[in-house]
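Hi,

Here is the structure I said I would pass on. Have a look at it first, and then read my notes below.

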Amino acid sequence: LRAAAAQVFVPLTVGGGIRAYVDKSGKTYSAVEVADAYFRAGADKISIGSDAVEAAQSFFANGKQLTGETSIETISKKYGRQAVVVSVD
């Protein structure tokens, strides 16, 4: 990713695996920490796929209120809305 980011001349969006997870050693990483790694490596934007569905379900389950806890909300709070896109495929 770093090599591609250094060469590309348009905004670079990276997706895949941007969600909270626990690694093999048992360490927990938040979605924001995963996004942090992508941004440090040169991404301009990150793309949320599966977690977008969970965010929508959370939104409706909470009476159409944001919780501030979904990956979309936490990442966009830190980096701004322009840095997060939703991918539907």
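Which residues does aspartate 51 touch, if you leave out residues up to four places away in sequence? They are Ile18, Arg19 and Ser71, where touching, or contact, means heavy atoms within 4.5 Å.

Before I go on, some ground rules. This is a predicted model, so local features need pLDDT of at least 70 and side-chain atom pairs count only at pLDDT 80 or more, while totals for chains, interfaces and linings use all residues. Residues are numbered from 1 along each chain as its sequence is written, and side-chain values use heavy atoms, with hydrogens and water left out.

The mean for the protein is 92, and 100% of its residues reach 70 or more. Among the elements, helix H1 (residues 2–7) has the lowest mean, 86, and strand E3 (residues 28–29) has the highest, 96. Helices (H or I, at least four residues) and strands (E, at least two) are DSSP runs, numbered from the N terminus.

Salt bridges

Back to aspartate 51, which lies in helix H3 (residues 50–61). With a relative accessible area of 11%, aspartate 51 is buried; that word means under 20%, exposed means over 50%, and partly exposed is in between (1.4 Å probe, protein chains only). The side chain of aspartate 51 meets that of arginine 19 in a salt bridge, at 3.9 Å from N to O. By salt bridge I mean a side-chain nitrogen of Lys or Arg within 4 Å of a carboxyl oxygen of Asp or Glu. Arginine 19 sits in the loop between strand E1 (13–15) and strand E2 (21–22), and aspartate 51 in helix H3, so the pair ties together parts that are 32 residues apart in sequence.

How many salt bridges does a search of the whole structure find? It finds 2. Aspartate 36 and lysine 78 form a salt bridge too, with their closest N and O atoms 3.0 Å apart. Aspartate 36 belongs to helix H2 (residues 31–40) and lysine 78 to helix H4, so this pair ties together parts that are 42 residues apart in sequence. Aspartate 36 counts as buried, at 11% relative accessibility.

The sheet

Three strands make an open sheet in the order E1-E4-E5, with parallel pairing. (Two strands pair if DSSP finds at least two bridges between them.) E1 and strand E5 (84–86) are the edge strands, each pairing on one side only.

You can follow the pairing across the sheet:
- E1 and E4 pair over 3 bridges.
- Threonine 13 stands opposite lysine 45 in E4.
- Valine 14 stands opposite isoleucine 46 in E4.
- E4 and E5 pair over 3 bridges as well.
- Isoleucine 46 stands opposite valine 84 in E5.

The core

A nonpolar core is a set of buried Ala, Val, Leu, Ile, Met, Phe, Trp, Tyr and Cys residues joined through side-chain atoms within 4.5 Å. The largest one here has 16 residues, and Ile18, Ala35, Phe39, Ile46, Ile48, Ile75 and Val84 touch the most other members. H2 and strand E4 (45–48) are the elements that give two or more residues to this core, and H2 supplies the largest share, 5 residues. Valine 84 touches Ile46, Ile48, Ile72, Ile75 and Ser76, again not counting residues up to four places away in sequence.

What covers the buried residues of H2? The cover includes E2, E3, E4 and H4. The buried residues in that helix are Ala31, Val32, Val34, Ala35, Asp36 and Phe39.

Glycine 42 follows H2 and has a positive phi, near 120°. Most residues other than glycine have a negative phi. With that in mind, look at lysine 64: its phi is positive, about 60°, although it is not a glycine. Lysine 64 lies in the loop between H3 and helix H4 (71–79). Is lysine 64 buried or exposed? Lysine 64 is exposed, with a relative accessible area of 52%.

Happy browsing!

Methods: pLDDT is the predictor's confidence in each residue, from 0 to 100.
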